[in-house]
Amino acid sequence: MARRYTPVETRYYEERERALRALSGLSRRSFLKVAAAAAGGAALAGGVSPHSFLPVRVAHADDPKGFRFAYISDSHLYDRKTNDRFVNALLRAVDDVNRMDPQPDFVLYGGDLAQLGQPGELALGAQILKELKAPVKMMVGEHDWYLDLGEVWRDLFGAPQYSFDHKGVHFVTLMSVVEKDFWTARKLSPMDRMKTVAGLDNGAQSPFEVGAEGRAWLAADLAKVAKTTPLVVFSHSPLYKLYKKWNFWTDDADEVQALLRPFQKVTVIHGHTHQLLSNRIGNIHFHGMLSTAWPWPYAPEGLPELTIQMDRPDPFNPQDGCGDGSFVVNEAGLVDALYALWNRNPVTVSSSYLAGKRGVAPPRTTRAGY
Amino acid sequence: MRTFVIVAAALAAAACGSKKSSPSGGAAGTGTAAGSAAAGSTEVKLCDNVTTVSLDTLPKDRAGGQAVADALMAQWRQAHPDQEWEAAVKRSWSVKPPADNRAVLGDGQRAGVTYGRYTERDVLIWARESERAAMEGARVFHSGDELGSTIAVSCDMCHPDAANTHPETYPKFQVQLGRVVLLRDMINWCLEHPVRAKPMAADDPRMRALEAYILAQRKDVPLEYGKH
């Protein structure tokens, strides 16, 4: 039985490799032709007919007054010897971003670089991310943190909370995956603590929060910023309460939102949920990021009304439901999200759609989750 | 030399998973003595007939007997570090409770009829054993090692709480496999591909456990075989 199928992943990578080889050397015009031909199901020149890899060129509307940054998130790396699959996925995302033309202003890494917070996993991730041509802004996730409570992560990437200004926009990166101590009383080893946190449906852990200290830092940071300045906040967990059981949740979200509300234009960009996820609470827009490792199912309850689910990932289509993407900060200081789903058409969730204006809504789901 | 086998209810209960304890005399008093009395060493065994402590003098009172029982249990616990697995599973993963069958008790049970007569104990056993099967499944589902994954991937990494496993839709024709498949065929497909493990035989205890957990999590969802 084991030999009946070539693993789909192997088949996929072979096809992708063949397709990319066939594509190199083509001019942009012939590339588009090839892409159209492949999308139409016709055979590529040279007899290559990929059915799982369609070269899709993402149309990036270049707003001369806005700017774009890319993201890669939730790679969940094991060391290469344990698991090459997640490593290959991150390499693919790095390729994607490096091929963007023009290059993004910077790349946000959305957290959960490692799977079990091991120094080797984090170092491998750091090494791969060094291949990115654009500068990288790092965010921490719970999988990076709970083996050594951030010791190695801080050494590699610095403080988990920081802010910066870019082209008139104030960016804040939060550490939103603070968990109350559940390990000391149960005498858990660091590895047991890590493995508990690493299970999305593991109820033996605490809910995520920014925490009093983090909120104080945020309040102090925002005190210096004019209320008219567009604000973009990066947090690993969604800064609202979606589904507590899977920590699609930030326990002190209400307090954090209260700090953000006085600003006129606020966008929160989060990882952790591994899916297309959109929300607006008051004037705060929320966008989830895709994972490179695996997609999560949608939570059984609490899904925001504005979210248009991405199609149910096809398990026979490797890396379906995964991907990377980019965000365009437009002239108005609001953010349009572009989900570059691997193996599917890209999806844009515009700020005008979230604001309830006549923006173009993302395409409707044809096959929702069960 | 003398050998006692402790069969005190409290000990048997602890070792065999029941929470109920019943009154007993001095713990040592309910032990079984074997062999003839010999000065010096007396062996006392737990009901598993393996765990043993040696005594120079027999305990004279209840407290002394309890000390012997505690020593035996401490030894047994050390030798069985996984005996708290059910508590560990319950702490980490929510397993939906099995159907409540208490309705079969009381009304409709005629006095004097033995066939088809159920006791609270029956109902308790049904619930406990069914739930235990699902809990064992939760354990396997969440463990790359148990699944035999060569890349440290476990089911919950795509299916938290067994979400999107839709066992109620099988059997159905799976185009990619070119045949009608059952839940276990899809489990095996996942084992071979995303999990990169060896497929399991249909009667593999782990496969049975996985099916139990996945089905348990879809409690109250109507069956809809063939659904895509």
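What share of the contacts in chain B with a separation of 6 or more is accounted for by residues 24 or more positions apart? The share is 64%, where two residues are in contact if their C-beta atoms, placed from the backbone, lie within 7 Å.

This is a predicted model, in which local features need pLDDT of at least 70 and side-chain atom pairs count only at pLDDT 80 or more, while totals for chains, interfaces and linings use all residues. Residues are numbered from 1 along each chain as its sequence is written, and chains are lettered from A and ligands numbered from 1 in the order in which they are written.

Figure 1. Chain A contains 10 helices and 12 strands; helices (H or I, at least four residues) and strands (E, at least two) are DSSP runs, numbered from the N terminus. Of its 370 residues, 44% are buried. A residue is buried if 20 or more other C-beta atoms lie within 10 Å of its own, exposed if 12 or fewer, and partly exposed in between, with C-beta atoms placed from the backbone. The mean pLDDT of chain A is 88, and 86% of its residues reach 70 or more; pLDDT is the predictor's confidence in each residue, from 0 to 100. Over residues 39-63 of chain A, pLDDT stays under 50.

**Figure 2. Where chain A touches chain B.** On chain A, 23 residues are in contact with 23 residues of chain B. The chain A side consists of 15 nonpolar, six polar and two charged residues. Here Ala, Val, Leu, Ile, Met, Phe, Trp, Tyr, Cys and Pro count as nonpolar, Asp, Glu, Lys and Arg as charged, and the others, Gly among them, as polar.

**Figure 3. Helix α2 of chain B.** Chain B has seven helices and six strands, and 29% of its 228 residues are buried. Helix α2 (residues 62-79) of chain B has 18 residues, which should span 26 Å at 1.5 Å a residue; the end C-alpha atoms are 26 Å apart, which agrees. The expected span is 1.5 Å times one less than the number of residues. Gly65(B), Val68(B), Ala69(B) and Leu72(B) are buried in α2(B). Seen down the axis of α2(B), the buried residues fall within an arc of 95°, so they line one face of the helix; the arc is that of the directions from the helix axis to the C-beta atoms. Exposed on the other side of α2(B) are Ala63(B), Asp70(B), Ala74(B) and Gln78(B).

**Figure 4. The loop that holds Asp148(A).** Asp148(A) lies between α5 (142-145) and α6 (151-157) of chain A. With 18 other C-beta atoms within 10 Å, Asp148(A) is partly exposed. Apart from neighbours within four places in sequence, Asp148(A) is in contact with Gly117(A) and Pro190(A).

**Figure 5. Backbone angles in loops.** Most residues other than glycine have a negative phi, and most peptide bonds are trans. Phi of Asp74(A) is near 50°, a positive value. Asp74(A) sits in the loop between β1 (67-72) and α3 of chain A, and counts as buried, with 28 C-beta neighbours inside 10 Å. Asn343(A) also has a positive phi, of about 70°, but is partly exposed, with 19 other C-beta atoms within 10 Å. The peptide bond from Asp101(A) to Pro102(A) is cis, with omega near 5°. In chain B, the bond from Tyr170(B) to Pro171(B) is cis, with omega near 5°.
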